[in-house]
Amino acid sequence: MTNLLSRLFGRAKKGSGATAKDRLRFVLQHDRINLPPERMEEMKSEILAVIVKYLVVDKDRVEIDLEQRDRRHSKLVAEIPVAIHTPPSNSKQITDSSALADVAESNGANNGSDAQSAEDEAAKPEAPKDAVEAKADEGEDEEDKKA
Amino acid sequence: MGGKVVTISSGKGGVGKTTATANLGISLASLGKKVVVIDADIGLRNLDVIMGLENRIVYDLVDIVEGRSKLRQAMIKHKKFDDLFLIPAAQTRDKMAVSPEDMVKLANELREDFDYILIDSPAGIERGFRNALEPADEVLIVTNPEVSAVRDADRIIGLIEAADKGPGRLIINRLKTELVKKGEMLSSDDVFDILGLSIVGIIPEDELVLSASNSGIPVTLNMQSKAGMAFNNVARRVIGEDVPFMNLDESRGIFQRLAKLLNGR
């Protein structure tokens, strides 16, 4: 009943007080570690740049975030999905590139960047069929972004 | 060790540090404590006018530090309370005229004769703030339920903890209950969640505070004032009493009353 009355008089909608709280939380997270948001983004790309030298990463699903319990306890929590290396099966292509492309494929359609790394590798030998498919994935992904 | 040094700080200017200091001083004195309030905002002296003592100043803080005045000579006795004194800031000097060590020395001298030494810190995080922080046994942080004030409070709290003067307690000043109810202002709980410090006072917005500074009679002397009562409660918490927070939620509209009724509250 209170809810109904509140809603009738416009109280149920999120007021600017809640917005203030969210915005403060964000700003203070960065203030407290003395690292402004723009520098944080820079750091994330650097971290990622190192990792992709060694692993195939699903860049779209990477999450690197600051978690803060209180003023004195902050931690950087990273979730970086990496492609699992499936050893090539007994059949035809036994090159590394095909394995990578397989992985990109098995990860579903939504990982254009994965596909991209896979494609880079795959492009060296005579562009096998898998790599072409990966390219198609990438195209799809770009469309998604535009939509 | 004698008296306790309580520094009132905020980071941001204009949130009510000086008003809080004046009212705490008055309230503590009315509770029978021996109190001295120090205006550490050199160059921007104001505690004197808020307390209505501006025309009694002969010497100031810098005069004491530089030896032109004895401590007692510079202390101005309050009109109403024999055990309440003000040490005014110098108006024509800058903050560099006093060092944190000077403040420690002064505070230690005052500890012998007073129960509470309240220091009104200047805004900012520079020398003036350091001066006010150095002798502190406890720091009260004044903030408003508003983004910039809370952000600056957080900054100050970090510095206070870094100086081993923490954790400090919060005074949330100028809370507008009506706006909080509409969700258009941070509540005291929100501020607590964000800053994580215990709250020693919630002061409601009250027009009588302006009339009080207009006339130089701190609002806590006005029995009609909710803000005055809230400041008085802060003083009682400072001396260690367990005082429940005032119910600031009394101006209910008819629909809210109806809702409460229907909810059986």
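In chain B of this predicted model, strand β1 (residues 4–9) runs parallel to strand β6 (residues 138–143) and is joined to it by four bridges. Strands are DSSP runs of E of at least two residues, helices are runs of H or I of at least four, and both are numbered from the N terminus; two strands pair if DSSP finds at least two bridges between them. Within β6(B), V139(B) is the bridge partner of T7(B). Strand β5 (residues 116–120) of chain B also runs parallel to β1(B), with five bridges between them, and here V6(B) has L118(B) as its bridge partner. Five of the six residues of β1(B) are buried, so the strand is largely enclosed by the rest of the structure. A residue is buried if 20 or more other C-beta atoms lie within 10 Å of its own, exposed if 12 or fewer, and partly exposed in between, with C-beta atoms placed from the backbone.

Chain A contains six helices and two strands, in the order α-α-α-β-β-α-α-α from the N terminus. Of its 147 residues, 18% are buried. Contacts are pairs of residues whose C-beta atoms, placed from the backbone, lie within 7 Å; among those in chain A between residues at least 6 apart in sequence, 48% join residues at least 24 apart.

The average pLDDT (the predictor's confidence in each residue, from 0 to 100) of chain A is 68, and 52% of the residues score at least 70. Over residues 93–147 of chain A, pLDDT stays under 50, and the model has 80 contacts beyond four places in sequence for this segment.

Residues are numbered from 1 along each chain as its sequence is written, while chains are lettered from A and ligands numbered from 1 in the order in which they are written. Local features need pLDDT of at least 70 and side-chain atom pairs count only at pLDDT 80 or more, whereas totals for chains, interfaces and linings use all residues.

Note on methods. Two residues are in contact if their C-beta atoms, placed from the backbone, lie within 7 Å.
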